[in-house]
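Please look over the sequence and the model that follow, and then read on through the explanation below.

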Amino acid sequence: MTAATTPKGERRRAALVEAAAKLLVEGGFDAVRHRAVAERAGLPLASTTYYFKSLEDLVTAAVEHHSKAELATGRRRLEELATRNRGVQATVELVLEMLLGPASGDADADAEAVLLRYERLVATGRRPYLRPLMRTLSAQLNELLTEIFARSGTPVTEAELDRLVALVDGAVVNALIAIDPAPRAAAARMLRGALESP
């Protein structure tokens, strides 16, 4: 048993991953640096290179940790949905939570969080080491979204899901380009309109 596989080692590694995930959400990929992660975790700088063979490994673990936590939250929220139609608004809110992250109630903070999220998503394209993980996470997200729509009484095909996600992405990007202070509201309007149209 190595120090990295002891309970203490596993706790330290988990603390580093959690710290890196928080930095990733707050500041994007550039915020995830060995020193910043160690300081956030309250651990020695050397611990980042002891538990992770490279910064890429640490970033990958952070992305996976954050994404899996969001998926787990989405699954819990899905279990709250009745099998009967809960209405378009409930569906829109849950879908946007999965695609844009949770709403905080503060429009400025929400807009900044959405901007950071899309910056991270675009930046993953420049990180080939993340592609296998992103494909897996994307498939899991699509499965969850498909189930959300089904339990909300509006089942969708794979092609329809792709169209709805693209509609949300387009609304968000257009809002960000226009410096719209409420990209989430823009996405909600577009998604609601698509779900309410015959």
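Is Tyr 51 buried or exposed? In this predicted model, Tyr 51 has a relative accessible area of 12%, and because this value falls under 20%, the residue is buried. The structure has one aromatic pair. The ring centres of Tyr 50 and Tyr 51 lie 4.8 Å apart with their planes at 90 degrees, so the pair is edge-to-face.

Residues 10–70 are listed by UniProt, in an unreviewed entry, as "domain: HTH tetR-type"; the span is 79% helix and 0% strand, and its end C-alpha atoms are 22 Å apart.

Helix 6, residues 107–123, reaches 24 Å from its first C-alpha to its last, close to the 24 Å expected. At its start, a side-chain oxygen of Asp 106 comes to within 3.0 Å of the backbone nitrogen of Asp 108. Among the buried residues of helix 6 are Val 114, Leu 116 and Tyr 118, and the buried residues of this helix pack against helix 1, helix 4, helix 5, helix 8 and helix 9.

The structure also holds eight salt bridges. In one of them, Glu 26 and Arg 40 meet at 2.7 Å, N to O, a pair that links distant parts of the chain, with Glu 26 in helix 1 and Arg 40 in helix 2; Glu 26 is partly exposed at 46% relative accessible area, and Arg 40 is partly exposed at 39%. Glu 79 forms a salt bridge with Arg 151, with the closest N and O atoms 3.5 Å apart, and this pair links helix 4 to helix 7 across 72 residues. Glu 79 counts as exposed at 54% relative accessibility, whereas Arg 151 counts as partly exposed at 21%; together with Glu 147, Glu 79 and Arg 151 are linked in a network of salt bridges.

Terms used. Residues numbered from 1 in each chain as written. Predicted model: local features only at pLDDT ≥ 70, side-chain atom pairs only at ≥ 80, totals over all residues. Heavy atoms only, no water. Phe/Tyr/Trp six-rings, centres within 6.5 Å; stacked < 30°, edge-to-face > 60°. Buried < 20%, exposed > 50% of the residue type's maximum accessible area, 1.4 Å probe, protein only. Helix = DSSP H or I, 4+ residues; strand = E, 2+ residues; numbered from the N terminus. Expected span 1.5 Å × (residues − 1). Contact = heavy atoms within 4.5 Å. Polar contact = N/O pair within 3.5 Å; in protein donor to acceptor, adjacent residues only side chain to side chain. UniProt positions renumbered as here; feature names shortened; annotations may be inferred. Salt bridge = Lys/Arg side-chain N within 4 Å of Asp/Glu carboxyl O.
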